[in-house]
Amino acid sequence: MEHNLLRTFYLAAGAAALLLSACGDGGGKSSGGEGDRFAGLDQAILAWKADIEATHESCKNKVEGTGCVDFQVACKAERAVTEADRALGVTERVVAAFRWQGWNPAGTEQLPAGASAEFDKIGGEWARKPTAPVNPTSCQPIQG
């Protein structure tokens with residue numbers, strides 16, 4: 001039983017690594033230089049992380065000064081930009097999901113938490129806005 005559990009864990013971890021690397025290459029890469037459609041997205045996501053750490057309910061409980069830990073960008077995916085969006089100056093759109101661990105109110109265990117956001121590139125700058133939760137593997141909307 002323990003062997004199967006470890007095997008499942010390693011398979012899941014490997015699949016997650018592949019998905020994250022795939023997300024970073026196509027829809028939503030952000031580290032390139034001049035002409036990179038997604039330049040600056042990494043910084044916008046880091047600002048979002050800082051905002052989560054400062055304001056999210058799951059990060060308020062702290063143990064030895066630490067609130068939320070193990071932040072991971074679970075997925076990033078490019079979204080269509082409509083003509084109406086373009087008329088408003090939007091040139092790119094990306095949805096992303098973060099996952100992390102936050103302490104329970106008693107500070108005795110960490111619990112999983114997450115959030116989703118949409119980023120629009122307007123005038124060369126990324127603006128973040130709330131979005132409905134997305135599947136952290138595919139970045140597709142969760143049907144409810």
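Which residues is Phe 119 in contact with, leaving aside its neighbours within four places in sequence?

**View 1. The surroundings of Phe 119 in the predicted model.** Beyond four places in sequence, Phe 119 is in contact (heavy atoms within 4.5 Å) with Leu 41, Ala 44, Ile 45, Trp 48, Glu 92, Arg 93, Val 94, Ala 96, Trp 126, Ala 127 and Arg 128. Residues are numbered from 1 along each chain as its sequence is written. In this predicted model, local features need pLDDT of at least 70 and side-chain atom pairs count only at pLDDT 80 or more, whereas totals for chains, interfaces and linings use all residues, and side-chain values use heavy atoms, with hydrogens and water left out.

**View 2. The largest nonpolar core, with 18 residues.** Such a core is a set of buried (under 20% relative accessible area, 1.4 Å probe, protein chains only) Ala, Val, Leu, Ile, Met, Phe, Trp, Tyr and Cys residues joined through side-chain atoms within 4.5 Å. Trp 48, Ile 52, Phe 98, Trp 100, Phe 119 and Trp 126 have the most contacts inside this core. Helix H2 (41-55), strand E2 (90-103) and strand E3 (110-122) each supply at least two of its residues, and H2 gives the most, with five. Helices (H or I, at least four residues) and strands (E, at least two) are DSSP runs, numbered from the N terminus.

**View 3. Residues 1-30, where confidence is under 50.** The pLDDT (the predictor's confidence in each residue, from 0 to 100) averages 81 over the chain, but is lowest in helix H1 (residues 2-25), at a mean of 37. Where pLDDT is low, the predicted coordinates should not be read in detail.

How values were computed. Buried < 20%, exposed > 50% of the residue type's maximum accessible area, 1.4 Å probe, protein only.
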